[in-house]
Amino acid sequence: MLALVILTAQICIEIDQKSELKIKALFLSFAALVLTLPMLSAKIAAADIAVIIDDMGNTHRDSQAFSLPTEVAFSILPLTRFSAKFSQRAANEKRDVMLHIPMEALSGKALGPGAITVDMNPQQIRQTLAAALSSVPDAIGVNNHMGSKLTQLTFPMQTTMSFLTERQLFFVDSRTTRFSVAENVAQANGVLSTKRNVFLDHELDPVQMDVQFQRLLSLAKKYGTAVCIAHPHPESIAYLTTALAKLSEHNVSLIPISEMVRLQELARIGSSDNNNLISLD
Ligand SMILES: [Zn+2]
């Protein structure tokens, strides 16, 4: 900005050296712009959070999560008793619906129906994804259930992301391992994507959940956006009901995950444009 002011001032001096008045006016308008910019960027950089309740679908008890604000997304496990019911009910209330696709974990834990495993070939991965998706027909995005083994592998992620591209679904990396390549592969395939920043309820103690929620708010304030994943435990729902009602006190907004992936994509495009400008200097 400073370089631009100096450059423009120099040009102006060369064009009309006698006109001091013009130069002064030019500096005044730039000063006004410089003073206004922080206010504009503060507005653009408002802190937003998105919350996803995943692991939905195994029991009727999970339906308690419907009491949460409709900006909270539900990620529903495939091929369970309540998959289609929850999908339709959430879509009816204009809530974001996601497919919570089970992926093989390092722990070897049981994955439930509709899981993708490392021994599958691309055709099997695609068939599994298609069957899973048909049981959660309102899904507009996907995140992984477990997956600490599978999400480290480029090959199955590549097949998964090309499927998501065709179906125009976004992807949220649950980040069950820090070695996950899922988000990178998603972006390389043009899939709108983001990652989980905070798990709310590894521990169901309200004090521990509050530690995680405060972390979420700090990350949102620092980076503009942050994503939280929680589960349909009664304790988590009770905690979120209270915490989300007080968000405005922290000057933070709850937005749907679909909106957050779009905002982050715009920010990425913006920052790559800025990088280009910097490199041109
Ligand atoms: Zn899960």
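The model is a predicted one, so to speak of local features requires pLDDT of at least 70 and side-chain atom pairs count only at pLDDT 80 or more, while totals for chains, interfaces and linings use all residues. Residues are numbered from 1 along each chain as its sequence is written.

Asparagine 251 sits in the loop between α8 (234–245) and β9 (252–254), and its phi is near 60 degrees, a positive value in a residue other than glycine. Most residues other than glycine have a negative phi. Leucine 79 also has a positive phi, near 55 degrees. This leucine 79 belongs to the loop between β2 (73–76) and α3 (83–92), and it counts as partly exposed because 17 C-beta neighbours fall inside 10 Å.

As for the chain as a whole, it has 9 helices and 9 strands, taken as DSSP runs numbered from the N terminus (helices are H or I, at least four residues; strands are E, at least two). Of its 281 residues, 37% count as buried. Among contacts between residues at least 6 apart in sequence, 68% join residues at least 24 apart, a contact being two C-beta atoms, placed from the backbone, within 7 Å.

Helix α4 (residues 122–135) and helix α5 (residues 154–167) pack at about 45 degrees, their axes 10 Å apart; axes are lines fitted to C-alpha atoms, for helices over the stretch in contact, and angles run from 0 to 180 degrees between N-to-C directions. That makes α4 oblique to α5, since angles under 35 degrees count as roughly parallel, over 145 as roughly antiparallel, 65 to 115 as roughly perpendicular and the rest as oblique. On the α4 side, Pro122, Ile125, Arg126, Leu129 and Leu133 meet Pro156, Thr159, Thr160, Phe163 and Arg167 of α5.

Helix α5 also has partners beyond α4. Its buried residues are Pro156, Met157, Thr159, Thr160, Met161, Phe163 and Leu164, and these pack against α4, β4 (141–146), β5 (170–173) and α6 (182–188). Just after α5, glutamine 168 takes a positive phi of about 55 degrees.

Terms used:
A residue is buried if 20 or more other C-beta atoms lie within 10 Å of its own, exposed if 12 or fewer, and partly exposed in between; C-beta atoms are placed from the backbone.
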